[in-house]
Every structure is written in structure tokens, then in C-alpha cells.
Amino acid sequence: MKKTNTPLEEATELKDENGNTISINPEPENDSLKDDNLVDKKTLKKYRIHWYHRIPYPVRALLIKYWFFGLNYFLFQMGLGSLDFFRGDATNTFAVSTLMLIFVSGFALGVFNDIFVYNILDVIEDEPGSKEPFVIFKSKKVYSLFINVIFGLIVGFLGTYLCGVLSQLVDPNLESFWFREPLSAALVMFIVDGAFVGLKDLIVMIIRHFRGNHTVYDD
């Protein structure tokens with residue numbers, strides 16, 4: 001007897017318990033269902049790669065830090081510093097009014113870092129721990145704010161002092177706008193902050209090395 005191959009749909013007819021024929025490859029009854037995605041739009045949006053994800057994380061982190069340094073200088077050194085009380089001795093770094101302005105600015109810088117900057121760097125991390133080389137200290141504990149405020153005061157004083165020195169070197173008459181506006185002043189603050197953070201990273205690396213653990217940061 002010669003054996004022949006018969007298509008499945010012709011050889012077998014599937015029926016449900018009521019005797020109705022079941023199609024093996026049913027077509028959607030509603031044409032609109034043919035265009036439905038297998039994944040809902042919310043899931044697609046959640047895992048979509050946005051344009052800023054294409055920017056390397058270190059570049060994003062440094063730009064955010066630099067922007068907040070500029071914002072801090074604009075709000076306090078320029079905004080609050082425009083009051084008559086602070087303008088009288090603006091050229092004297094160690095005048096009482098100038099020191100008060102530096103204190104307020106440095107205090108705000110520490111608060112910005114602890115509450116805004118470091119949390120933003122944490123949110124945009126590509127991998128856990130990516131932010132660690134760019135922060136001086138961050139913890140969920142309350143003392144994290146006090147540490148960052150103290151660090152902000154140090155960066156604020158050194159940055160303001162260096163801005164004054166550089167401004168005098170550029171123009172002894174202090175008529176130039178360099179290092180007296182947000183872009184250049186923020187750059188000085190950015191470099192001072194980077195020097196301290198870089199020193200911290202070096203110390204952490206050395207400690208990890210001598211402990212026999214080559215992982216610089218723990219989660």
C-alpha cells in the first residue's frame with residue numbers, strides 16, 4: 001500500500017466539546033487586532049533608550065555638577081551679593097559681609113549636592129556604583145547632609161578666593177567680568193570640587209588595594 005503525505009488541516013479536523021470545528025491557525029476576527037503590539041506601550045516606554053542615554057555617564061555626571069555650580073553662583077554670589085550690604089566690601093575676601101556671603105553660598109552648595117546633585121547622579125546611573133567616583137560622600141543617614149554642608153563651605157571658600165585671585169590677575173582694576181559670572185566661576189568651583197573628589201577616589205583605591213579587594217566601591 002502506497003503511503004501519501006496529507007496536509008494536517010485535511011487529515012485531522014479538530015472539534016470542541018460542542019462539535020464546532022477549531023481552526024489551527026485562526027485569523028483575528030477584528031482587523032484592528034492584527035496591528036496590536038505584543039508589548040504594551042508603557043513597557044516599551046519604560047525600556048526605551050532615550051537620546052541622553054547615548055551620552056557617556058561621566059559626561060552626564062560632570063555636566064550636571066558644573067550646571068549646579070553655576071546655578072549656585074548665580075543665585076547667591078550674584079543674586080544675594082547684589083544687596084548693598086554685601087557690595088560694600090566685595091573686593092575684600094576676608095570682610096565680614098563677604099565671609100557671610102561665602103558661608104551662605106557654601107551652605108547652599110552642600111545642600112544642593114546632598115539633596116539634588118548626588119540623587120540625580122544616582123537616578124541616571126547606567127550601573128550601580130557609577131556615581132561613586134563623582135561624589136565626595138552620600139548616604140541615606142542624616143549625617144550625610146552635615147558632611148556635604150561642611151564640604152560645600154570648604155569648596156565655596158576656596159573657589160571664591162581663587163576667583164578673586166584670578167580676576168585680579170586678568171584685570172587688576174576688577175573691571176573684567178571673568179571669574180565674576182556663573183560660567184567661569186562655576187569652572188573654578190568645579191575644579192576645586194574635582195580635586196577633592198579625585199583625592200578621595202585615590203584614597204579609596206589605595207585602601208581597597210591593600211585590603212586585597214580590587215573593587216574600588218561597594219554597593
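Biologist: How many residues are in the largest nonpolar core, and which of them touch the most other members?

Modeller: This is a predicted model. Its largest nonpolar core has 22 residues. Helices α3 (57-79), α5, α6 and α7 each supply at least two residues of this core. Those that touch the most other members are Tyr57, Ile64, Phe69, Val117, Tyr118, Leu121 and Val155.

Biologist: Which residues does valine 117 touch, not counting residues up to four places away in sequence?

Modeller: Val117 is among the core members that touch the most others. With residues up to four places away in sequence left out, valine 117 touches Ile64, Lys65, Phe68 and Phe112.

Biologist: Which residues are among the members of the other core?

Modeller: The other core lies apart from the largest one. It consists of five residues, among them Cys163, Phe179, Ala185 and Val188.

Biologist: Is phenylalanine 179 buried or exposed?

Modeller: Phenylalanine 179 is located in the loop between α6 and α7. Its phi is positive, about 65°, although the residue is not a glycine. The relative accessible area is 19%, and the cut-off for a buried residue is under 20%. Phenylalanine 179 is therefore buried.

Biologist: How many residues of the contact of α6 with α7 are nonpolar?

Modeller: α6 passes α7 in a right-handed crossing. On α6 the contact includes Phe151, Ile154 and Gly156, and on α7 it includes Met189, Asp193 and Phe196. Of the contact residues, three are polar and one is charged, while the nonpolar ones number twelve.

Biologist: Where is phenylalanine 137 found, and with which residues is it in contact beyond its neighbours within four places in sequence?

Modeller: Phenylalanine 137 is in the loop between α5 (96-123) and α6. Its relative accessible area is 28%, so it counts as partly exposed. Beyond its neighbours within four places in sequence, phenylalanine 137 is in contact with Tyr118, Tyr143, Ser144, Ile147 and Asn148.

Biologist: How many Å apart in space are phenylalanine 137 and aspartate 114, C-alpha to C-alpha?

Modeller: In sequence, phenylalanine 137 and aspartate 114 are 23 residues apart. In space, their C-alpha to C-alpha separation is 8.4 Å.

Notes
Residues numbered from 1 in each chain as written. Predicted model: local features only at pLDDT ≥ 70, side-chain atom pairs only at ≥ 80, totals over all residues. Heavy atoms only, no water. Left-handed = near helix turned anticlockwise from the far one by under 90°. Helix = DSSP H or I, 4+ residues; strand = E, 2+ residues; numbered from the N terminus. Contact = heavy atoms within 4.5 Å. Nonpolar A, V, L, I, M, F, W, Y, C, P; charged D, E, K, R; others polar. Buried < 20%, exposed > 50% of the residue type's maximum accessible area, 1.4 Å probe, protein only. Core = buried A, V, L, I, M, F, W, Y, C linked by side-chain atoms within 4.5 Å.
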